[in-house]
Amino acid sequence: MGKVDLCLSSEGTEVILATSSDEKHPPENIIDGNPETFWTTTGMFPQEFIICFHKHVRIEKLVIQSYFVRTLRIEKSTSKEPVDFEQWIERDLVHTEGRLQNEEIARLEQTLSHLVSSTVENMSRAPLLASPCTPARSGLATLHCF
């Protein structure tokens, strides 16, 4: 049996804050497990969201799928409330000429209760769009936590 994706809403995970939202493409789409849905953001960078696991979880691996993201920062917290975040990961992602960026970060072995993901900068400097359907703009398509 495979590992459970702890970043899915079906596992009780919830997006509790996003710096922007579009009613047709809300931030909850990041954790719905449906590859056909996505999160569209508006405005300047950084763009970020906070995920609450509602319990302490042990994360061994993150899989991030995105388009045109240059720099991604992830912070973590072990508090019951979404406070006291500490920087955990910061990565410059490889430019893939409009193809899906698949970034796997393994051997993490971290326990946390909340996660903040920030897209610090994108390749095109366009508003963030997380969509496998529209790769001409940038954005976070999905986040998986194992």
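Predicted model: local features only at pLDDT ≥ 70, side-chain atom pairs only at ≥ 80, totals over all residues.
Student: Where does R107 lie?

Tutor: Elements come first here: helices (H or I, at least four residues) and strands (E, at least two) are DSSP runs, numbered from the N terminus. This chain has eight strands and zero helices. R107 sits in the loop between β6 (101–105) and β7 (110–122), and E109 is found in the loop between β6 and β7 too.

Student: What can I read from the phi angles there?

Tutor: Most residues other than glycine have a negative phi. Here, phi of R107 is near 60 degrees, a positive value, and phi of E109 is near 50 degrees, also positive. E109 counts as partly exposed, because its relative accessibility is 39%.

Student: How many disulfides are there?

Tutor: A disulfide is a covalent bond between the sulfur atoms of two cysteines. The rule used is a pair of cysteine sulfur atoms within 2.5 Å, and the count comes to one disulfide. C7 and C145 form it, with sulfur atoms 1.8 Å apart. The pair links distant parts of the chain: C7 is in the segment before β1 (14–18) and C145 in strand β8 (residues 139–145), 138 residues apart. Both cysteines, C7 and C145, are buried.

Student: Which residues does H144 touch?

Tutor: Contact means heavy atoms within 4.5 Å. Leaving out residues up to four places away in sequence, H144 touches D5, C7, K61, L62, V63 and Q65. H144 itself lies in strand β8.

Student: And which residues stand out in the nonpolar core?

Tutor: A nonpolar core is a set of buried Ala, Val, Leu, Ile, Met, Phe, Trp, Tyr and Cys residues joined through side-chain atoms within 4.5 Å. The largest one has 25 residues, of which F53, I59, L62, W88, L115 and L143 touch the most other members. Strand β2 gives this core its largest share, five residues. Among the residues that I59 touches are L6, F53, W88 and C145.

Student: How do I read an aromatic pair?

Tutor: A pair of aromatic rings is described by the distance of the centres and the angle of the planes. Rings of Phe, Tyr and Trp (its six-membered ring) pair if their centres lie within 6.5 Å; planes under 30 degrees apart count as stacked, over 60 as edge-to-face and the rest as tilted. The structure holds one such pair. The W39 and F49 rings have centres 5.5 Å apart and planes at 90 degrees, so the pair is edge-to-face. W39 is in the loop between β1 and β2, and F49 is in strand β2, ten residues apart. W39 counts as buried at 1% relative accessibility, and F49 is buried with a relative accessible area of 1%.

Technical notes: Residues numbered from 1 in each chain as written. Heavy atoms only, no water. Buried < 20%, exposed > 50% of the residue type's maximum accessible area, 1.4 Å probe, protein only.
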